[in-house]
Amino acid sequence: GGAPAHGPARLKIEHSVDIQAPADKVWARIGDFQDMSWHPAVAGTRGSGGNAPQATRLLTLKGDGKATIEEALNKYSAENMSYMYKITNVDVAVLPVTNYASTITVTPTGPASSKVEWRGGFYRGFPNNDPPPDLNDDAAIKAVTGIYQSGLEALKSEMEKGGR
């Protein structure tokens, strides 16, 4: 007999950045679920529900203007400077993942410094065995890593230059 086949494993990644800016100032920049203008890949955000659970947002990505990601807010804590959200709709050609959920947290590391952590869990874009290269585990990890790194680097740069 052969070994039983199993589906894909849930993938998890975490990236963080230390920023020389107070945590409350960093949170003021990224803490509004309805505003993701701090991320360099995002051309526009529109949504409803503010920062309440089940609030939604539609991210329009830079480029041809057709790529979008729909997201919903699961948990929000201004006190803990953290929110958790999930992707509710995205074409795997735009982002090769399924069942994606993520948390962004800002933590003070000193009176004028902070750390931003972005953690995500997801499955690759192709849920069955033998995925094509553009929808396999490596493609999913590479895509989400790129989003996290570019977003955190842009945030650090903006905040350390005096930002908003």
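Predicted model: local features only at pLDDT ≥ 70, side-chain atom pairs only at ≥ 80, totals over all residues.

**Notes on the sheet, the helices and the pocket**

1. Seven strands make up an open sheet, in which the pairing is antiparallel and the order runs 1-7-6-5-4-3-2. Strand 1 (11–19) and strand 2 (42–48) stand at the edges with a single partner strand each, so one side of each is left without a neighbour in the sheet. From one strand to the next, the twist averages 20°.

2. Two helices deserve attention here. Helix 1 (residues 23–30) packs on the sheet, where it touches strand 1, strand 4, strand 5, strand 6 (97–110) and strand 7 (113–124), and its direction makes about 150° with that of strand 6. Helix 2 also packs on the sheet, touching strand 1, strand 6 and strand 7, while its direction makes about 15° with that of strand 1.

3. The largest pocket has a volume of about 180 Å³, and 16 residues line it, with Leu59, Leu61, Ile69, Leu95 and Ile147 lying nearest its centre. Two or more lining residues come from each of strand 3 (56–61), strand 4 (68–77), strand 5 (82–90) and helix 2 (137–160).

4. What is the make-up of the lining of the largest pocket, in terms of nonpolar, polar and charged residues? The lining comprises 14 nonpolar residues, one polar residue and one charged residue.

Key: Residues numbered from 1 in each chain as written. Heavy atoms only, no water. 1 Å grid on protein atoms, 1.4 Å probe; cavity = no way out; pocket = protein on both sides within 12 Å on 5 of 7 lines; lining within 4 Å. Points joined across faces, edges and corners; volume = space filled by probe spheres on them. Helix = DSSP H or I, 4+ residues; strand = E, 2+ residues; numbered from the N terminus. Nonpolar A, V, L, I, M, F, W, Y, C, P; charged D, E, K, R; others polar. Pairing = 2+ DSSP bridges. Axes fitted to C-alpha atoms, helices over the stretch in contact; angles between N-to-C directions. Contact = heavy atoms within 4.5 Å.
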